[in-house]
Amino acid sequence: MKKLFSVPEADIQQAGLSPQYEQIELFAKYLPRASFSDILVLFHKFATLDGLYFLCDIDDEKLIAERLKGVNLSMYDTYTFCHAPIYTKEDILLEAISTFARIYSNNKAVGIDTVKDLIKQFSNVSNGNYLKMRQNEIIHELLDLYLWLSMRYPLHFPHHIEVRSLQKKIEASIGRSLKASSKQRMRKPQSQSLKHSNSQKINQEAESILTKLTHGRLTASERTRLYKSMRKTVLF
């Protein structure tokens, strides 16, 4: 991270743009029978920008729009739900957003029990297929979706305090997993079968090879920099 921050920032050549709702609404008037996902695709096809800008990718929005087909939402609400920040490659998150949208479309509040049922459903299906930490990350994102929607539809997503409390428990579990993983990585070198004498021999051979390759022309500091650069190329 320190190295990244020390690198001078490159000039930005182009900026990404995403259509605002008013633009989509105006464009949709020409396509009264088109689905929202079709409108997104056609908008991107016909939009014209100069060389300083490009249209942001719509794959996630389009995928969510496909899942929301048949749900009785206004165009504005569909637009809002389609911009929810979820990882669309996880089916449980797509299932969650479609479940939330269906309940919302019936003018009902999404209760904490619905959230817990989705988590339970995911936990049952994913047992053995996910690492525990990854499973917790996905559940955390599901809870994040609820909180994101609660800021836009507070009357229909009223349990933000309870959901945030669940999220804190998940965060603590993720933290424990990261700590345990870090300890395992620290212990791993100690379990290597190479003996110290063998390691020393390899180092001596490496020094000899490097001396031959550089013909002894490098200073001590130059050799140190070279070694650091070489080590970076073999990090796993």
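Student: What share of the contacts between residues at least 6 apart in sequence join residues at least 24 apart?
Tutor: In this predicted model, 61% of those contacts in the chain join residues at least 24 apart.

Student: How many helices and strands are there?
Tutor: The chain has 11 helices and two strands.

Student: And in which order do they come along the sequence?
Tutor: Along the sequence the pattern reads α-β-α-α-β-α-α-α-α-α-α-α-α.

Student: What percentage of the residues count as buried?
Tutor: Of the chain's 236 residues, 32% are counted as buried.

Student: Switching to α4. Which of its residues are buried?
Tutor: Helix α4 spans residues 59–67, and Glu61, Ile64 and Ala65 are buried there. They cover an arc of only 100° around the axis, so they sit on the same side of α4.

Student: What covers them?
Tutor: The cover over the buried residues of α4 includes helices α3 (36–46), α5 (75–82) and α6 (91–105).

Student: Let's stay with α5. Where is aspartate 77 found?
Tutor: Aspartate 77 belongs to helix α5.

Student: Is that aspartate 77 buried or exposed?
Tutor: Aspartate 77 has a relative accessible area of 11%. The cut-off for buried is under 20%, so aspartate 77 counts as buried.

Student: Which residues is aspartate 77 in contact with, leaving aside neighbours within four places in sequence?
Tutor: With those neighbours set aside, aspartate 77 contacts Tyr104 and Tyr153.

Student: What about alanine 101, how many residues apart is that from aspartate 77?
Tutor: Aspartate 77 and alanine 101 are 24 residues apart in sequence. In space, their C-alpha atoms are 8.9 Å apart.

Student: New topic, cavities. How many of 30 Å³ or more turn up in the whole structure?
Tutor: The search finds one cavity of 30 Å³ or more.

Student: How much space lies in the largest cavity?
Tutor: The largest cavity holds about 40 Å³ of space.

Student: Which residues line the largest cavity?
Tutor: The lining consists of Ser18, Pro19, Ile24, Leu40, His44, Ile58, Glu61, Tyr79 and His83.

Terms used:
Residues numbered from 1 in each chain as written. Predicted model: local features only at pLDDT ≥ 70, side-chain atom pairs only at ≥ 80, totals over all residues. Heavy atoms only, no water. Buried < 20%, exposed > 50% of the residue type's maximum accessible area, 1.4 Å probe, protein only. Helix = DSSP H or I, 4+ residues; strand = E, 2+ residues; numbered from the N terminus. Arc of directions from axis to C-beta. Contact = heavy atoms within 4.5 Å. 1 Å grid on protein atoms, 1.4 Å probe; cavity = no way out; pocket = protein on both sides within 12 Å on 5 of 7 lines; lining within 4 Å. Points joined across faces, edges and corners; volume = space filled by probe spheres on them.
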